[in-house]
Amino acid sequence: MRAATTVVRQKDLIDVLLEQHALIEELFQLVETSRGKAKKEAFTELAALLQAHEEAEAEIVHPLAAATIDAGIEVTQERLEEEAEAKELLAQLIKSGPGSAAFDDDFQQLRASVLEHAVHEERYEFKHLRASQPPETLVELADKFLKRQKRLAATA
Amino acid sequence: MKLFNPLTEKGIPLDQHLRTWRELDSEPIDPDTADPYTICRAIVMNGIEVEAVFFGHHLARVCTDMELKRELAYTRYIEAQQQKAVNWLLPPIASPLQTTIAYEQVAVDLTSWVARMEPDPYLRQAYEFGVLEDFDHLYRYANLFEMIERRKAEKVVDSLTEVMPGRPTRLHHRHPADNVRDHYDKDTANPLSRLHALTVMSAEQQTMNFYMNVGPQYMEPIARQLYIEIGMIEQEHVTHYESLVDPGETWWERLVTHEYNEVYLYYSFMRQETDPRVKAIWELHLNMELAHLHAACDLMRRMDGREPEEILPRELPEPVKFEPNKEFLRELLATQIDLTTLGTGYVREAHERFERMQQEINRDGSPSEEVIDMHGAEFGSDYRVETEGQHPVEGLRQMAEAQR
Ligand SMILES: [Fe+2]
Ligand SMILES: [Fe+2]
Ligand SMILES: [Fe+2]
Ligand SMILES: [Fe+2]
Ligand SMILES: [Fe+2]
Ligand SMILES: [Fe+2]
């Protein structure tokens, strides 16, 4: 048997991505269940996280997957298309804002498309990255990913 | 209220049961908006249909009458279609581990219900004993879930079921001989006892199937090993529950029990279901099962020369319900956590055969312990959902755990 060690695992790129996916899921729920000012605030937070998440993914995660996993180019191409679709929906929602007539329906559409996209990433990209990349590389990339997000937020 | 009598309700004629691929491809449940118990009901009915299919295959393998074999092949095909329609309700967005947590929630709340309703004290003890183990599995998998998928089991169980230590998983590995229980007596058993044993056995069997198939999909060693360890316990659970059934029942009386149980469960869940789309599936399948039941009753009369009424409840028992069992489980935790089995009974002290098995099997560690240690090392403590206050057993409270 390979011994499972109790050495503390260092947080790697995939952990960071999964944590953000979980947070995105929670924020979707929060927007849906909130009203008025709280809804507006939750939506602003969600929109900012989504933008930072997808942009940093497009810069760091998808190119790495494209270059290293099997059929990487095709797989990431589909992810980029999903991201483009979500970006458009999000832009519309930001423009109309919570409280507008069409918001709830469009928001449902965004939620479905983003959550499905996240599952595709987890199954078709992240799983393969964990298998193909050395653990140290993924730990270093976690840092790079978070720093990149910070810079994007600062210039937004 | 008019009583529902499965023996006189008509149902859908057998020759109208076939469905197309499109019809079988049920639109999945949305886990973000669904009642977690809707997913639990789908998991139970999948296990019931899987048992219907496999029981049917075993029956066919000992059936020498060609005409009969063809008749059985047809209903079995329908059972297989039903299994697809039911299992395809599960959310594709959920990972196997998330579904695993729902499987353990099923084991906890279904077995608790059965234990509470079971009229026979020996059988009741078997359910009370087993439920504390699946309760612990839920806790171990929830810790794994947060560790490797960064998500919280609370979103899956939705505070309907608590998540905290039960009888520790490493102690579930008993010598296989000690997993064989005494069976009820087919001539005197309460008909409800037959249904209970079949239901819980089917659920555990499907849990065993599920873990043996999804476990290797994970690449993290701790996940792979935890699925092996708990997968082996689910196999013990199948032995434990299946041995409650009287092996002297004829094939035909077992077939009748299977079909009656399907009617009973679809009826129960149809009554309780809150999602109208899912409710429609329970209702459709109920109407199919009525036809299966009547065909099975005819076979029992023809082959055994006996009346099915001899083994069936006089009226449909109280419908099975998914509901929180927190107080019931806390009471069991406080009183039965340190039980193990010896022969067909239960004891408190670790006897020699148990100790020997434990030494052998756990000699290079227990994944179920390691998962908690690893989670603690990374997150500062173990993961729990304790909605009703601290753990009823002092030594298992979270503070004590953290200080260790
Ligand atoms: Fe993405
Ligand atoms: Fe993502
Ligand atoms: Fe069935
Ligand atoms: Fe279990
Ligand atoms: Fe079990
Ligand atoms: Fe059936």
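Visitor: Which residue bridges the iron ion (ligand 6) and the iron ion (ligand 3)?

Guide: In this predicted model, local features need pLDDT of at least 70 and side-chain atom pairs count only at pLDDT 80 or more, while totals for chains, interfaces and linings use all residues. Residues are numbered from 1 along each chain as its sequence is written, chains are lettered from A and ligands numbered from 1 in the order in which they are written, and side-chain values use heavy atoms, with hydrogens and water left out. The bridging residue is B:Glu79, and the two iron ions lie 3.3 Å apart.

Visitor: What are the protein donors of the iron ion (ligand 6)?

Guide: Donors are N, O and S atoms within 2.8 Å of the metal (3.2 Å for Na, K and Ca), and because water is not among the atoms, sites may look incomplete. Here they are B:Glu79 (OE), B:Glu259 (OE), B:Glu262 (OE), B:Glu289 (OE) and B:His292 (ND1), lying 2.1 to 2.3 Å from the ion. B:Glu262 lies in helix 9 and B:Glu289 in helix 10 of chain B, so this pair ties together parts that are 27 residues apart in sequence; helices are DSSP runs of H or I, at least four residues, numbered from the N terminus.

Visitor: Is B:Glu289 buried or exposed?

Guide: Buried means under 20% relative accessible area, exposed over 50%, and partly exposed in between (1.4 Å probe, protein chains only). B:Glu289 counts as buried at 0%, and B:Glu262 is buried at 2%.

Visitor: Which residue coordinates both the iron ion (ligand 4) and the iron ion (ligand 5)?

Guide: That residue is B:Asp134, and these two ions are 3.4 Å apart. The donors of ligand 4 also include B:Glu104 and B:His137, and this pair links helix 4 and helix 5 of chain B across 33 residues.

Visitor: How far from B:Glu118 is the nearest side chain of opposite charge?

Guide: A salt bridge is a side-chain nitrogen of Lys or Arg within 4 Å of a carboxyl oxygen of Asp or Glu; in counting charge, Lys and Arg are positive and Asp and Glu negative, whereas His and the chain ends are not counted. B:Glu118 is buried yet has no salt bridge, with B:Arg124 8.9 Å away. Its side chain does make a polar contact with the side chain of B:His196 at 2.8 Å, a polar contact being a pair of N or O atoms within 3.5 Å, where within protein one must be able to donate a hydrogen and the other to accept it, and residues adjacent in sequence count only if both atoms are side-chain atoms.

How values were computed:
Helices (H or I, at least four residues) and strands (E, at least two) are DSSP runs, numbered from the N terminus.
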